[in-house]
Amino acid sequence: MERSVYERYGGFAQISRIVLDFYNRIMEDDDLGPFFDDVDMARIVDHQTKFVAMLLGGPAHYSDDQIARMHSHLAIADAHFDRLEEVLAETLADHGIAPEDVAHVVTEFHRRRGLVVKP
Amino acid sequence: MNIEAINEQLLRAIGVGVALVDADAFRFRFHNDTFAEWFGAPEPGARLGDLFPGLESETLQAALAEGGRFTTETTFKLRRRTMVVAMDVTLALDGGQRIAVLVCQNITRIRELESMIDSYSLMVERNTRELKREKEQVEKLLLNMMPRSVYEEYKTFGVVTPRLYTPVSVLTVDFVGFGEMVERVDPGVIVSELNDIYTAFDRIGEQFGCERIKTIGDVYVTVAGVPDAVDDHAAAVANVAVRLVRYLRQRNESHPNAWRCRIGLASGAVIGSVVGVQKYLYDVFGPAVTRAQRLRLLAEPMTICADPDAVAGLEGRFDLESLGPRELADGSRIEVWRMAELAPAGPAGLD
């Protein structure tokens, strides 16, 4: 069986660093941060942990329906989605994830655009 | 720069929030830059309670009077980020003046890490539960293909060693006119009825320690003594055989399709092993199996034929009748016994 990015880069011990850094970057970002203004810290961290774990092939699974439902109340535009994609790719690259793996993760992320972006 | 100035410089610059307040009214006397960055600079004459409305001065006063120390936690937003700060207040004396020293440590990162660990643990625990469920399903499937002790051996060693079991007893059963029934009756009905009947057979077999080995169409094979030894294996299969007949007789009374069985019993040696590399199947073969199959072919509908070894020691427990030496399908001749339940004392007899 092919090993996921999650496994190949050392499992949660390594991925946790990516999660916290990703969390920092999003909270500091003026376009993305406001989505989390009124959200409890524990919930945001929970969300980011599962989000990163899922994209990297870790122990989190969300169906397309679940993803759509979780984001249904948010006014997410294409620009927000693009920005998150950038932050994600930068974070992964800064943590030593190889370009082809970053590309793979970004493709996985990209696939879900239609589920969260409002027309 | 003198030592006091250096100290003050240090106190201002460190990443810990420090403030000094008088221990009576809790008015601010000093605060460092980190403190001001987190909580804002206190106005001149401001009290601790002005910055931290949740901090009751009576509680603080009482704690300081009792142990000279008070600890608590506070959260606030810095930009949009929830900051968590641990506060520690201790009492100090400065030239006869009572001063409360407030030290604030930023524990935001610790709380974020704790949240992440909580999130991860829940994910992993859920996955573990799912894996356990899947493992149980696989185990259940494998247990359909082999006896539990064989499965345990397979799980531990990855292989199953073929074993000779002797003596054991084999029961095989099939149905008269099954081929004709398959052509006449709807396949769904056949399969459903066969399911019911085999399930009943399994239940009856289990009561006497028999292990169902396989079914091939309408042929059902069960054994007593494989893989776990059964003391009175011949009596076990005999008991099962008469109950299968009794079950079918009762069932046929209330069903449009009559299922009439033929049963062969034989005692002797068998080899038990998992056969196949990709498709595992636990199987038994050997003289006792072959003989039971051939004896079955000699049985009249709803009767049981057995070899001499299978009926040895059953006198008085079953109705036994020797049919004399008979030729089996391979041309060999052995004494064949017809076996049935002992007739009950009442008027209702057997077939």
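Visitor: What stands opposite B:Leu20?
Guide: In this predicted model, B:Leu20 stands opposite B:Val101, a residue of S5(B). Local features are given at a pLDDT of at least 70 and side-chain atom pairs at 80 or more, while totals for chains, interfaces and linings use all residues. Residues are numbered from 1 along each chain as its sequence is written, with chains lettered from A and ligands numbered from 1 in the order in which they are written.

Visitor: How do you know that strand S1 and strand S5 of chain B pair?
Guide: Two strands pair if DSSP finds at least two bridges between them, and 6 bridges join strand S1 (residues 17–22) to strand S5 (residues 97–106) of chain B, so the two count as paired. They run antiparallel. Strands here are DSSP runs of E with at least two residues, and helices are runs of H or I with at least four, numbered from the N terminus.

Visitor: Why are strands S2 and S3 of chain B said to stand at the edges?
Guide: The open sheet has 5 strands in the order S2-S1-S5-S4-S3, with antiparallel pairing. Strand S2 (28–31) and strand S3 (69–78) each have a single partner strand, so one side of each is left without a neighbour in the sheet. From one strand to the next, the twist averages 25°.

Visitor: Which residues of H3(A) meet H5(B)?
Guide: Among them are A:Met41, A:Val45 and A:Ala53, and the residues they and others meet in H5(B) include B:Arg111, B:Ser115 and B:Met123. Contact here needs C-beta atoms, placed from the backbone, within 7 Å.

Visitor: How many residues does each chain bring to the contact?
Guide: Chain A brings 18 residues and chain B brings 12. H3(A) gives the most to the side of chain A that touches chain B, with 7 residues.

Key: Two residues are in contact if their C-beta atoms, placed from the backbone, lie within 7 Å. Axes are lines fitted to C-alpha atoms, for helices over the stretch in contact, and angles run from 0 to 180 degrees between N-to-C directions.
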